[in-house]
Amino acid sequence: MKSNPVVLKEYKTQYLDVVIDLKFTSNLTFISDISGTGKTFLWNVLNNEKILDSRLATLNFTDALTDISDKLSGYSGKLIIIDNADIILNDNLRYRISSDNKNQYLIFGRNVNGLNLTVDNMYKILVSQNTLKLVPKYGRLY
Amino acid sequence: MLNIYLHDDISIEKFNDVYFNKFTFSNLDINIAREVVKSIDGVILQDNKKFVSKITGGEVALDCLSTGCKTVLNVIFNSNKIFSAVECGTNALYYIYKLRTGSIYLDNLLLPSFEDFDVDICVIDKNKQEHLFKNTLEAKSWYGGYKNEI
């Protein structure tokens, strides 16, 4: 999936001593990496931020027993940040997300099935000098 | 022996964060946990069961461990339960593969590409057939053919 971000091209904030400096180059950014790199930390930061910024919406394992499809239907113009994607996104939700052009997504997980991704969507977290950024996970293939 | 279930027709603990915080935390052997936490998340577990976050530099409780790290600890300290390991990064997953006890569920048997190592695992496939392996190379060889069949 190569498409421009429809909600946010960048998002910058401060959390404790850490500067969060995110830049988005496509409408679906998929964060996948080894364990312990800060994925859930970033989700928690943005989950706090949604109180202040109505463009943000968050989902994680605590939504597993709710109707996520129904929630997604109610969103428009949101950056939807999804943690624990491997256990809360089924095939239907993945198809829905891959074809959603009203919202933007930041997804943390490992299973990319059904999301129609390319290397351009694949990112990882880099924390350096108290700044958290997203960097491409793979080099460009072309 | 570590049991790896590829079918989900069995009771599986899917929510490793919740299970860890609610049950495993209170049963931790601090010395074993310290080694796991250092290996997976790269942080030093202190005697008060807290650690210094690599990101914020502040002291935080164990609920801030990665899900992968919590999954490893769940498997080690609850050998009678089956835990979903689908959220584990390769570092956590390969740590689990080296365990000699416990049970996990995986939808896809992710095996190391470059470095093989000795294991003691029983893979229970989607047809509930058991396959025993003593190293990851054997498992890869079997899984390649198995994936083509299913």
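**Two chains, a few residues up close**

Reader: Which residue in β6(B) stands opposite B:N3?

Author: B:N3 faces B:C122 of β6(B). Strands here are DSSP runs of E, at least two residues, and helices are runs of H or I, at least four, numbered from the N terminus. The model is predicted: local features need pLDDT of at least 70, side-chain atom pairs count only at pLDDT 80 or more, and totals for chains, interfaces and linings use all residues. Residues are numbered from 1 along each chain as written, chains are lettered from A and ligands numbered from 1 in written order, and side-chain values use heavy atoms, without hydrogens and water.

Reader: OK. In what sense do β1 and β6 of chain B pair?

Author: Parallel, over four bridges, with β1 covering residues 2-5 of chain B and β6 covering residues 118-124. Two strands pair if DSSP finds at least two bridges between them.

Reader: How many bridges join β1(B) to β5?

Author: Three, and β1(B) and β5 (residues 103-105) of chain B run parallel. Within them, B:I4 is placed opposite B:I104 of β5(B).

Reader: What about α3(B), mostly covered or mostly open?

Author: Mostly covered, as nine of the eleven residues of α3(B) are buried (under 20% relative accessible area; exposed is over 50%, partly exposed in between, with a 1.4 Å probe and protein chains only). Among the buried residues are B:T67, B:C69, B:K70 and B:L73.

Reader: Switching to the interface. How many residues of chain B are in contact with chain A?

Author: On chain B there are 20, and they contact 19 residues of chain A, where contact means heavy atoms within 4.5 Å. Together the two chains bury about 1500 Å², with 62% of it on carbon and sulfur atoms; that is the accessible area (1.4 Å probe) lost on being put together, summed over both.

Reader: Which elements of chain B each supply at least two residues of the side that touches chain A?

Author: Those are α1 (16-24), α3 (67-77) and α4 (90-97) of chain B. The most comes from α4(B), which gives three residues to that side.

Reader: Now chain A. Where does A:T58 lie?

Author: A:T58 sits in strand β4 of chain A, residues 56-59. A:T58 has a relative accessible area of 8%, so A:T58 counts as buried.

Reader: And what does the side chain of A:T58 make a polar contact with?

Author: One partner is the side chain of A:N47, at 2.6 Å. Another is the side chain of A:K50, at 2.8 Å. A polar contact is a pair of N or O atoms within 3.5 Å; within protein, one must be able to donate a hydrogen and the other to accept it, and residues adjacent in sequence count only if both atoms are side-chain atoms. Leaving out residues up to four places away in sequence, A:T58 also touches others, including A:W43 and A:I81.

Reader: A:K9, buried or exposed?

Author: A:K9 counts as exposed because its relative accessibility is 62%. A:K9 belongs to the segment before β1 (10-15) of chain A. Residues up to four places away in sequence aside, A:K9 touches A:L22, A:K23 and A:F24. From A:K9 to A:S26 is 17 residues in sequence and 8.4 Å in space, C-alpha to C-alpha.

Reader: Last one. Where is the place of A:Y75?

Author: A:Y75 is in the loop between α2 (68-73) and β5 (79-82) of chain A. A:Y75 is buried, because its relative accessible area is 17%. Its C-alpha is 21 Å from that of A:I87, twelve residues apart along the chain.
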